[in-house]
Amino acid sequence: MSLKIYNTRTKKKETFKPLRAGGVGIYVCGITAYDICHAGHARSAVVFDVIKKYLQYRSYEVTYVKNFTDLDDKIIKKAISEGVSRGISEIADRYIRTYNEDMDALGVDRPTISPRATEHIDGMISLINTLLQKGLAYVVDGDVYYAVEKWKDYGKLSGRTLEDLMAGARVEVNEKKRNPLDFALWKASKEGEPWWDSPWGRGRPGWHIECSVMSQRFLGDTFDIHGGGEDLIFPHHENEIAQSEGASGKPLANFWIHNGFVRIKGEKMSKSLGNTFTIKDMLKNYHPEVLRLFMLTSHYRGPLDFSDDSLDEARLGMDRFYATLKNIRDVPASEMDYSQIFLEKLQGRHREVCDRLAVLSEKFLEAMDDDFNTARAIGYTFDAARLINGYMTDEQFTVCPETLFVLHRAKIYFEEVGRILGLFLDEPDNYFCRARDRKVGESGLDVKEIECLIKERVAAREAKDWEKADEIRRLLAEKRVSLKDTPAGTTWEIE
RNA sequence: GGCGGCAUAGCCAAGUGGCUAAGGCAGCGGUCUGCAAAACCGUUAUUCUCCGGUUCGAGUCCGGAUGCCGCCUCCA
C-alpha cells in the first residue's frame, strides 16, 4: 500500500515519496494574529493535524512547521485602534495565546516549530538581497518589488499565465511598480508604523517573504509538503514560489496541499461577509471531538457547510461511537484471564468478528492512503461500531475469555483509528457527562433533585410498582429530562 | 471580464470505467424491553442536474447546456 496525495501543482493524485527516507518536512501557513479564530481556521488546523498524525502513524518522523504572522497591516491597525502601549507584539501575543488555547481544546497537536515573522527579519533582508542580485527584484523609493515578468514560471501553481492575470487585473494602481502584478518584498515604513533598518532604508517586509524565509530556515530549500487554505494558492503561494525558487533555483515543495473552505448556507465564511463563528462559540455547544468528526466526514478538499443542524447530526454520530466504547468498557472484565486465547484458536462468531474487524482496519488505512479520505475511513469505523454492537447484543453473548479477547481487539481498533483522527480520546462517561452538564447549566435544573427522583423510581421499579415508576418518568419528562434504563442502571439526559 | 471547482436518496456525504451506487441523520417494518430509550435485523437512489459522444461497459472519461460556489483585494 502506498500513500497517494493530491498535488495542487499537478492537479493529480501522486504517490507520496519523502525526500529523505523516514522523514517528512511540512510547512503550513499559519494565522495572522489579530483576531479570534473561527471555524475556517479550525478546519485547516484539523485537516493538517490529521495529515501529520497519519504520517506519524505511518512511521515517518514529521517536522511540522506552522508560522505566526505577527507583523501585518491588520495588526498595526488593531494596535493603533486600541492604543496599545507595547504595540503590535502585544496584539500578536494575545491572539497567539487564544489560538493555542483553541487548538489545544480541539486536540490539534502543537507544530514542531512555530516561528514568528518578526524573528526572521534578517533572513528576509538577505533573501531580498539575493533576489535583487539575481535581477528578479528592483528598488523604488525605499520599496522593493518582485518583477514577475523575470520569473519564467510565474503562475504555475495557480494555473494562470501572466496574460490571464493581466486580463482579469483588478490590481490597485501603483505607479512605482513596473508591472501591476509585481508585489512588494519590502515596504518603506510610514509615520507611526513599526520599522527595521535595511539597505533600502527603514521599512518592513511584504507579506509573502516571511514564509519563504522560515520554510527555508527550518526545512531547507526543498521540502516535502507545503499546505494551507485554498485561498492562499494565489497570490500567496504563487509568490512564495517565485521568491524561493527564484533565489535557490530549486523546487520549493514537492507536494502542495490545500484545504477547502468553510461555508455558511452555501457562502464562504469570511470576516468581510460577517458570517463567521468562532471556535470558542462552537466549543460552548459541542464536544471538541464532535467538531472534529464533523469536519472529517467530508473530504478536506471540498467545501464544508457549517450549520447547527449538521453539527447536531455529527453529535449524534459521535454519541453512537461513545455508546459503543462505553459498552465495551462496561463489560465486567474482573479477574477473568484471556491471555491463553489466540486468534488462531478462536472459532465461530468470535473469530468472525475478529476477521471482519481486521478487514475494516485494512480498509480504513486504504482510505487514508487515498489522499486522506477521512470520510470513507469514518464510514468503515461506523461499520466497526455496528459490528461490535451486534456482537454484544447477541443473545449468545456472555462474558468469557473469548469475548474479552474480541473486545480487547475492538478496543485496540478504536484506539488506533482514534489516534489517527484525534477522536475517542475522552472517557465515555466523561463524554456523556460533559454534554449533559452543559445542558443542565443552560436549563437551570437541579441535579440533586433529579437524581433523588431517579432513586425513588429505581426503588419503585424494584418493587414492580410500574405506575409510580411511570409517574416519575412523566414528571421528569416535563422538565425535558429523559431516562434510560440499562443493565448497568438508569441514566438520564436532557432533551 | 480572466482562471478554476462542484452538481449523487428527504437531509449530510463517500465513490479510484466493470461484482448488488460506502457511511451518517431522518422515516418505515420487525426483534429486544414492565413502559421508554439504546442496540440489532430488514427497508428507503432501476439511478447519480440535463443533452450528446467515446467504450463491450460511465456517477466515474470527452464536448455542450443549466445551476451553485471560489480565486483574481486581506483571508484558513
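Buried means under 20% relative accessible area, and exposed means over 50%, with partly exposed in between. The legends below describe a predicted model.

**View 1. Salt bridge between Asp 72 and Lys 74.** The closest N and O atoms of Asp 72 and Lys 74 are 3.6 Å apart. Asp 72 has a relative accessibility of 13% and therefore counts as buried. Lys 74, at 36% relative accessibility, counts as partly exposed.

**View 2. Salt bridge between Lys 250 and Asp 221.** Here the closest N and O atoms are 3.0 Å apart. The pair links distant parts of the chain, the two residues being 29 residues apart. Lys 250 sits in the loop between helix H7 (233-248) and strand S10 (253-259), and Asp 221 in the loop between helix H6 (209-219) and strand S9 (223-229). Lys 250 is partly exposed, with a relative accessible area of 40%; Asp 221 also counts as partly exposed, at 25% relative accessibility.

**View 3. Salt bridge between Asp 383 and Arg 386 in helix H12.** The closest N and O atoms of Asp 383 and Arg 386 are 3.1 Å apart. Because they are 3 residues apart in helix H12 (residues 374-393), about one helical turn separates them. Asp 383 counts as partly exposed, with 27% relative accessibility.

**View 4. A network of salt bridges.** Asp 49, Lys 52, Lys 53, Asp 109 and Arg 292 are linked in this network. The structure holds 43 salt bridges.

**View 5. Domains of chain A.** Chain A is divided into domain 1 (4-285), domain 2 (310-427) and domain 3 (445-494). Between domain 1 and domain 3, the C-alpha centres lie 56 Å apart.

Definitions and conventions. Residues are numbered from 1 along each chain as its sequence is written. Chains are lettered from A and ligands numbered from 1 in the order in which they are written. This is a predicted model: local features need pLDDT of at least 70, side-chain atom pairs count only at pLDDT 80 or more; totals for chains, interfaces and linings use all residues. Side-chain values use heavy atoms; hydrogens and water are left out. Domain bounds come from an automatic or database domain assignment. A salt bridge is a side-chain nitrogen of Lys or Arg within 4 Å of a carboxyl oxygen of Asp or Glu. Buried means under 20% relative accessible area, exposed over 50%, partly exposed in between (1.4 Å probe, protein chains only). Helices (H or I, at least four residues) and strands (E, at least two) are DSSP runs, numbered from the N terminus.
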